[in-house]
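Thanks for making time this morning. I would like to walk through one model with you, beginning with a couple of single residues and then stepping back to the whole chain.

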Amino acid sequence: MTTTMPSDTRVLRTDYQRSVAAYWNAEKDPVNIRLGEVDGFFHHHYGIGDYDPSVLEGPEETRDQRIIEEMHRLETAQADVLLDHLGAIGPDDRIQDTGSGRGGTGFMANARFGCSVDGVSISEQQVEFANAQARERGVDDKVRFHFRNMLDTGFETGSMRATWNNESTMYVDLFDLFSEHARLLEYGGRYVTITGCYNDVTGGRSKAVSRIDEHYTCNIHPRSEYFRAMSANGLVPMHVVDLTAATIPYWELRARSSVATGIEEPFLTAYKEGSFHYLLIAADRV
Ligand code: GPP
Ligand code: MG
């Protein structure tokens with residue numbers, strides 16, 4: 001007997017996609033939930049910027065909560081940097097959060113620009129959670145989350161002023177992904193990604209990068225592939241920002257927190273040995 005709904009087979013096309021969806025449908029990790037509860041913006045990405053070392057000092061009873069709040073502040077700062085690169089977005093524009101998680105970056109975008117935001121995710125749990133958040137915030141007329149595949153969103157061609165992937169490109173083929181972004185974006189529209197990619201100048205996938213892949217069931221791409229796949233799909237890079245040095249403090253703080261998941265050391269090793277970069281790439285649709 002099958003438990004797969006007809007809608008599942010349209011959105012989830014492969015066993016791999018089903019296993020990724022199962023991971024995110026089950027995910028309730030304190031490193032994400034407790035941070036989101038700080039102010040109601042639930043992120044699924046990492047942080048940037050220096051942490052305030054005083055959070056590690058002071059009264060023991062409130063130390064844990066101070067660290068959680070500081071990690072959340074750094075994650076919110078990361079999303080702000082992504083939004084800074086979307087260009088001029090007005091209230092009448094429509095933009096897409098691609099791999100939208102529990103909705104954090106999308107709600108920040110709507111709060112900043114007043115625009116419409118469509119989020120897509122292959123996790124029905126995440127879509128449900130994020131839509132409930134939209135209702136709670138009273139923005140469900142403008143911010144909507146959809147159970148859709150980012151490689152085939154079904155939205156109208158040329159309908160988006162901007163689109164982004166905040167740490168979600170490592171689940172898909174980049175040529176297929178950028179082909180869909182290029183289809184969705186209007187001429188002159190902006191695509192932004194923040195991603196972890198491996199350094200293919202120094203060699204192949206390092207052991208630390210392989211451990212990250214294994215942890216999230218993902219497939220981290222080499223740096224050069226981003227640029228090859230953009231150029232093949234009419235996306236012309238305007239900004240490339242290496243955020244590697246800026247994300248290391250987040251991982252150091254996270255390693256000392258009560259919500260560490262065990263993936264902290266592979267990230268710190270990979271970044272420090274230079275086998276892995278944390279990059280922002282902003283590109284124009286031509
Ligand atoms: C999601 O963040 C992380 C990923 C989707 C994949 C890996 C990203 C790279 C840059 C390689 P999360 O907030 O759900 O992860 P965690 O639960 O570890 O905080
Ligand atoms: Mg997280």
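This is a predicted model: local features need pLDDT of at least 70, side-chain atom pairs count only at pLDDT 80 or more; totals for chains, interfaces and linings use all residues.

A132 is partly exposed, because its relative accessible area comes to 28%, and that value falls between the 20% under which a residue is called buried and the 50% over which it is called exposed. A132 sits in helix α6, which covers residues 124–137. If we take C115 as a reference point, A132 is 17 residues away from C115 in sequence, and their C-alpha atoms are 19 Å apart in space.

The second residue is G158, which belongs to the loop running between β3 (143–147) and β4 (160–166). Its relative accessible area is 31%, so G158 is also classed as partly exposed. Which residues does G158 touch, once those up to four places away in sequence are set aside? They are R183, L184, L185 and E186. G189 is 31 residues from G158 in sequence, while the C-alpha to C-alpha distance between G158 and G189 is 8.9 Å.

Let me turn to helix α10, residues 244–255. With 12 residues at 1.5 Å a residue, α10 should span 16 Å, and since its end C-alpha atoms are 17 Å apart, the model agrees with that expectation. The buried residues of α10 are T244, T247, I248, P249, Y250, W251, L253 and R254. What do these buried residues pack against? Their partners are the helices α3 (30–36), α4 (60–84), α8 (207–216) and α11 (264–273), together with the strands β6 (235–242) and β7 (276–285).

Now for the whole chain. The protein contains 11 helices and 7 strands. Its radius of gyration is 18 Å, close to the 19 Å that the globule rule gives for 286 residues, so the protein is as compact as a globular protein of that length. The C-alpha trace spans about 55 × 50 × 45 Å along the principal axes, and 55% of the 286 residues count as buried. Among contacts between residues at least 6 apart in sequence, 78% join residues at least 24 apart.

As for the surface, the protein exposes about 12,200 Å², of which carbon and sulfur atoms supply 51%. Finally, on charge, there are 28 positive and 43 negative side chains, and the centres of these two sets lie 3 Å apart.

Definitions and conventions. Residues are numbered from 1 along each chain as its sequence is written. Chains are lettered from A and ligands numbered from 1 in the order in which they are written. Side-chain values use heavy atoms; hydrogens and water are left out. Helices (H or I, at least four residues) and strands (E, at least two) are DSSP runs, numbered from the N terminus. The radius of gyration is taken over C-alpha atoms; the globule rule is 2.2 Å times the number of residues to the power 0.38. Buried means under 20% relative accessible area, exposed over 50%, partly exposed in between (1.4 Å probe, protein chains only). Contact means heavy atoms within 4.5 Å. Accessible areas come from the Shrake-Rupley method with a 1.4 Å probe; for residues, only the protein chains shown count as cover. Lys and Arg count as positive and Asp and Glu as negative; His and the chain ends are not counted. The place of a charge is taken as NZ of Lys, CZ of Arg, CG of Asp or CD of Glu. The expected span of a helix is 1.5 Å times one less than its number of residues.
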